[in-house]
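Open the model in your viewer and keep the selection panel at hand. The stops below say what to select next and what is there.

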Amino acid sequence: MTLFFEELRERFQEQIRSVDELVPDQVTVLLNGPDATGIARHFLAEYQARLVTVFAEDRVKEEGVFYNYYVFDRRDDAAWVILKAPIPADHPSFPSLAAELPAVNWQEREIQDWFGLEAAGHPNPRRVALHDNWPDVHPLRKDFPLDTVLPPFEGERHVYRPAHGEGVFHIPVGPVHAGIIEPGHFDFAVAGEPILYLQLRMFYTHKGTEKLFENLPIHRAVFLAESISGDSAFSHGTAFCEAVERAAGIAVPARAQWMRAILLELERIENHIADVGAIANDVGFVIANAHAGRVREMVLGLNEMLTGSRVLRGMVAIGGVRRDWQRTQVEAIESTLAVVEREFRDLVVILQASNSTRHRLERTGILRPEKASKLGIVGVAGRASGVDLDIRRDHPYEAYRHLSFNVPVYQAGDVRHRMKVRIDEVAESIQIIRAAVTRLPEGPHRAPAQPIPPGRCALSAVEGWRGEIVHWVRTGEGNCLERCKVKDPSINNWPAIVEAVEGNIVADFPVINKSFNLSYSGTDR
Amino acid sequence: MFKILQKSFRVGTATADYPRLAPRVAEQFRGCPEFDFAAWSDARPAAEACPTGAIAIRDRDGARQVTVDYGRCIFCGECEAASTDGAVKMSRQFELAATARRDLVLTADYTLRPDGSHAGLKSATSGPAVEEPGMRIAEAIEDLLGRSLSIRQVDAGSCNGCEQEIVALNNPVHDIERFGIHFVASPRHADMLLVTGPVTRNMELALRKTWAATPEPKIVAAVGACGISGGIFGANYASLGGVDAVIPVDVYIPGCPPRPEALLHGILLALGQVRQRAGSPDSGRISSRAGKL
């Protein structure tokens with residue numbers, strides 16, 4: 001154990017019960033009580049650590065307590081530090097960090113709603129994951145059956161905070177929107193054209209995903225992971241499989257690791273191209289979107305050839321991938337990418353030649369770097385606002401250990417730079433895939449099936465195209481899971497939209513929203 | 001401007017002429033599984049492997065009934081991998097849309113053996129009416145779409161996978177507007193609701209209101225395994241388990257997600273249904289749309 005943990009033990013010896021590293025690069029610090037705030041503050045201040053996610057687990061039947069888990073990422077250290085704080089069942093309350101760390105605002109309230117543990121001192125402790133008109137239930141408690149039929153809606157609807165002043169009014173939008181997008185409610189307080197304040201209401205697509213993980217055998221749960229956020233099916237599927245593989249100590253064959261990396265990058269390319277087109281479309285540059293749609297179809301066709309599915313479903317599996325590739329398929333990667341690269345470059349030239357597009361994207365929806373790091377923004381949105389973070393580089397997994405690539409980071413934080421990050425990353429991903437194809441080893445594509453031992457915990461993190469995806473699992477008896485926590489990058493990034501739209505005109509909201517392109521389903525689960 | 005025009009000329013026509021021509025589908029594409037019920041010696045491994053419960057077994061009084069529900073199927077191929085007797089084969093078939101929910105369910109009755117396997121196929125329903133890609137539909141298009149159709153898409157809790165493919169309907173390759181079909185911003189402008197997702201508890205009211213806001217006559221398409229049956233989410237504390245649990249559905253479009261051609265097939269099938277109903281004496285609530293289409 002490193003110096004870091006020796007210091008930690010010395011300084012907080014009253015609070016720390018044990019320090020374990022059961023899975024390589026994942027250090028669990030078990031505390032004596034529910035208060036993790038002191039150590040968390042110490043991490044944040046002394047080590048420039050980042051709180052990745054906070055989540056809870058019901059262990060009342062087995063150990064008489066709930067646990068809260070706080071996952072930290074320390075700069076320049078590949079090991080994750082996980083604080084594990086027991087919360088007594090007879091006093092279900094823990095001190096909130098949200099006032100000083102707005103990044104955990106929604107996640108602490110999720111814990112309140114789903115587990116009935118009070119986030120004491122939370123500045124806005126209202127419901128978030130279960131809407132106001134739900135009865136008093138806590139679905140992720142073990143004594144709550146998945147198939148509970150709840151009574152029809154009753155009672156109060158959500159009350160938005162009012163905005164006052166001469167000429168100030170509210171524009172309510174959603175959950176059914178004008179475009180083909182997911183449901184959420186936006187309440188704009190506006191003074192004429194400019195937006196004063198945006199309030200969000202999410203979790204319209206909450207469909208019991210984390211509870212369902214506890215009720216499915218693991219081999220079926222892989223498909224559930226693919227349905228957390230359909231645009232990131234392969235990334236979420238891979239994050240889930242890696243968490244189980246690490247927990248169970250399953251070694252993924254080298255060939256499968258490289259195949260996964262290729263498919264992760266194809267998912268990134270496909271979505272980035274679609275977003276570049278959609279951003280152009282939202283400022284009226286329709287032809288650019290048409291080209292983007294056409295180029296994206298080429299990638300989807302390649303996806304289908306490699307996995308049988310245009311959106312990469314049904315490919316990733318515990319221990320590797322479900323189907324191997326013939327030589328012709330691997331050759332198709334190279335030939336398709338050559339065309340995609342050329343066509344995408346042409347699209348970028350067309351985009352850059354349009355001054356009016358540039359004018360509409362520049363200085364629109366600015367998220368300043370200091371805000372971005374304070375709010376814990378990740379992924380594309382973070383990198384456009386100075387947050388130099390990429391799991392592939394900082395916590396390399398699988399084939400990424402052997403690959404080198406550039407991580408584009410900009411400081412401007414406007415819509416144009418969120419687009420620019422995507423454009424740069426398409427080029428990087430194409431290079432990564434080319435390198436991976438040359439180095440793709442022979443051998444098995446999947447480890448032999450083996451029973452998953454119960455009672456093992458592990459975390460995994462994957463850099464999906466949108467940003468950092470984290471899964472945490474505890475395995476159970478009979479090839480099932482006791483718990484699966486899912487953290488999509490979207491849950492980190494919604495506060496960034498609230499910040500970025502302030503002072504912009506309502507008419508620019510669609511393009512600002514699109515430049516973040518967050519997953520409602522990934523948020524709501 | 002010159003660059004834009006130059007590029008457009010170079011690219012030429014990007015649009016695939018589906019359904020007039022067969023869709024461009026990769027050899028590796030997984031459509032629905034097909035079942036040789038007579039040769040199927042044991043359905044249990046496939047049922048166990050199926051992630052969504054699309055293959056179900058019911059044993060009673062020495063008899064076994066196996067049902068296969070394409071409305072739950074996510075085309076993953078696990079049933080084929082689990083069945084060692086070669087009776088289950090993944091096909092490249094995806095044009096599965098049906099106007100009645102029961103048309104998506106196959107049933108086979110067997111005699112149950114003491115060891116748990118089965119023998120002696122007693123009866124089986126045939127699969128969904130599968131057509132040569134698009135042929136019949138292609139003939140009907142001219143007739144049906146003299147004018148236009150407006151669609152309002154509603155995400156009632158989907159994972160956004162279906163939305164990916166619905167968005168693709170608007171790209172130049174699939175170009176749904178060539179049929180006069182377009183997506184509109186409000187249910188008040190819509191002839192059809194294209195609904196995805198298992199319908200979450202939190203979206204139920206919004207879906208009901210959207211349906212109520214859509215003028216009569218209206219068509220509802222339930223999209224994807226989730227829209228049809230709840231898919232892998234099924235019905236649970238937060239999910240109602242399919243669109244027809246909340247509003248009446250006219251056409252079911254299987255897939256996870258349905259590829260753009262499958263969506264197009266389903267939408268056109270729904271239009272054919274409208275024509276049929278309009279022409280029949282008891283055509284009900286849809287009849288008045290004959291004038292519009």
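**Stop 1: a sheet in chain B**

Start with an open sheet of five strands in chain B, ordered β8-β7-β9-β10-β13 with parallel pairing. Strands here are DSSP runs (E, at least two residues), helices are runs of H or I with at least four residues, and both are numbered from the N terminus. Two strands pair if DSSP finds at least two bridges between them. Select β8 (181–183) and β13 (251–253) of chain B: these are the edge strands, each pairing on one side only. Neighbouring strands of the sheet are turned by 25° against each other on average, direction ignored. For such angles, axes are lines fitted to C-alpha atoms, for helices over the stretch in contact, and values run from 0 to 180 degrees between N-to-C directions.

This is a predicted model: local features need pLDDT of at least 70, side-chain atom pairs count only at pLDDT 80 or more, and totals for chains, interfaces and linings use all residues. Residues are numbered from 1 along each chain as its sequence is written, while chains are lettered from A and ligands numbered from 1 in the order in which they are written.

β7(B) and β8(B) pair in the parallel sense over three bridges. Select Ile151(B): opposite stands Phe183(B) in β8(B). Contact means that the C-beta atoms of two residues, placed from the backbone, lie within 7 Å.

**Stop 2: Asp42(B)**

Select Asp42(B), in the loop between β1 (33–35) and α2 (44–49) of chain B. Is Asp42(B) buried or exposed? Asp42(B) is buried, because 21 other C-beta atoms lie within 10 Å. The cut-offs are 20 or more other C-beta atoms within 10 Å for buried, 12 or fewer for exposed, and partly exposed in between, with C-beta atoms placed from the backbone. Show its contacts: Asp42(B) touches Ser117(B) and His118(B), not counting residues up to four places away in sequence. Then pick Arg102(B), which is 60 residues from Asp42(B) in sequence and 24 Å away in space, C-alpha to C-alpha.

**Stop 3: the whole of chain B**

Zoom out. Chain B has eight helices and 13 strands. Buried residues make up 50% of its 293 residues. Colour domain 1 (33–124) and domain 2 (137–277) of chain B; such bounds come from an automatic or database domain assignment. Their C-alpha centres lie 27 Å apart. The contact takes 17 residues from domain 1 of chain B and 20 residues from domain 2 of chain B.

**Stop 4: where chain B meets chain A**

Show both chains. Here 47 residues of chain B are in contact with 50 residues of chain A. On the chain B side, α1 (2–11), β7 (149–155), α5 (161–168) and α6 (204–213) give two or more residues each. Which element gives the most? α5(B) does, with five residues. The chain B side divides into 25 nonpolar, 15 polar and seven charged residues. Nonpolar covers Ala, Val, Leu, Ile, Met, Phe, Trp, Tyr, Cys and Pro; charged covers Asp, Glu, Lys and Arg; the others, Gly among them, count as polar.
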